[in-house]
Amino acid sequence: RRVVAEHQPKIVFLTSPNNPDGSVIAEEDLLQVLALPVLVVLDEAYIEFCTDVPSRIKWVQQHDNLVVLRTFSKCAALAGLRVGYGAFPLGMIEYLWRAKQPYNVSVAAEVAACAALTNLAYVNKVRDALLLERSRLFDELSSISWLQPFPSQANFILCAVKEVSQLHACR
């Protein structure tokens, strides 16, 4: 609130789950930001990997200052194709169409995204395998004395190096 009052931005960009730590914005915190006089753009690129909190994409219907962005890059493994989608307040759509460039999604990206949407069972199977691997990897990283992994709701795990002196002993 203080930053918005001080700098008076028109847009605030948030990520949930966040990169690089994999944390999720608490509902109360997001509601406080949505109460401010700003457009809130919530990037949910990693939400498919989140087991604690559902997507806030349906919130767009109740909050006319919320935009939720999603991508096929992470869960559908289409990072190189740069394709995604968003949920926008209805009053904003007319202005988006004015700014949208023609043919802004390649044919390859469109075909791949449609294929992912028509094979959600496979996408979910891959996601579930990644969630199991995240849990296994977290346990393995936790067993390394000089690492401190942080719990993650994304497809990655951030680690802090606890003691640099132990690194030299491992060589």
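Author: Contact here means heavy atoms within 4.5 Å. This is a predicted model, in which local features need pLDDT of at least 70 and side-chain atom pairs count only at pLDDT 80 or more, while totals for chains, interfaces and linings use all residues. Residues are numbered from 1 along each chain as its sequence is written, and side-chain values use heavy atoms, with hydrogens and water left out.

Reader: Is Gln-153 buried or exposed?

Author: Gln-153 sits in the loop between strand E5 (147-149) and strand E6 (159-161), where helices (H or I, at least four residues) and strands (E, at least two) are DSSP runs numbered from the N terminus. Buried means under 20% relative accessible area, exposed over 50%, and partly exposed in between, with a 1.4 Å probe and protein chains only. Because its relative accessible area is 11%, Gln-153 is buried.

Reader: Which residue has its backbone nitrogen 2.5 Å from a polar atom of the side chain of Gln-153?

Author: Leaving aside neighbours within four places in sequence, the residues in contact with Gln-153 include Pro-17, Tyr-46, Cys-50, Thr-51 and Arg-134. The backbone nitrogen that lies 2.5 Å from a polar atom of the Gln-153 side chain belongs to Thr-51.

Reader: With which side chain does the side chain of Ser-73 make a polar contact?

Author: Ser-73 is found in the loop between strand E3 (66-71) and strand E4 (84-87), and with 10% relative accessibility it counts as buried. Beyond its neighbours within four places in sequence, Ser-73 is in contact with Leu-78, Ala-79 and Val-83. A polar contact is a pair of N or O atoms within 3.5 Å; within protein, one must be able to donate a hydrogen and the other to accept it, and residues adjacent in sequence count only if both atoms are side-chain atoms. At 2.8 Å, the partner of the Ser-73 side chain is the side chain of Thr-71.

Reader: How many salt bridges does the structure hold?

Author: A salt bridge is a side-chain nitrogen of Lys or Arg within 4 Å of a carboxyl oxygen of Asp or Glu. Among them are the pair Asp-128 and Arg-127, with the closest N and O atoms 2.9 Å apart, and a network that links Glu-44, Glu-48 and Arg-70. The number of salt bridges in the structure is six.

Reader: Why are Glu-6 and Arg-2 separated by about one helical turn, and how far apart are the closest N and O atoms of their salt bridge?

Author: Glu-6 and Arg-2 are separated by about one helical turn because they are four residues apart in helix H1 (residues 2-7). Glu-6 is exposed at 51% relative accessibility, and Arg-2 is exposed as well, at 61%. The closest N and O atoms of their salt bridge are separated by 3.2 Å.

Reader: In what order do the four strands of the open sheet come?

Author: Two strands pair if DSSP finds at least two bridges between them. E2 (residues 39-43) and E3 run parallel and are joined by four bridges, with Val-41 standing opposite Val-67 in E3. Helix H2 (residues 27-34) lies across E1, E2 and E3, at about 145 degrees to E2, where axes are lines fitted to C-alpha atoms, for helices over the stretch in contact, and angles run from 0 to 180 degrees between N-to-C directions. The pairing of the open sheet is mixed, and the order of its strands is E1-E2-E3-E4.
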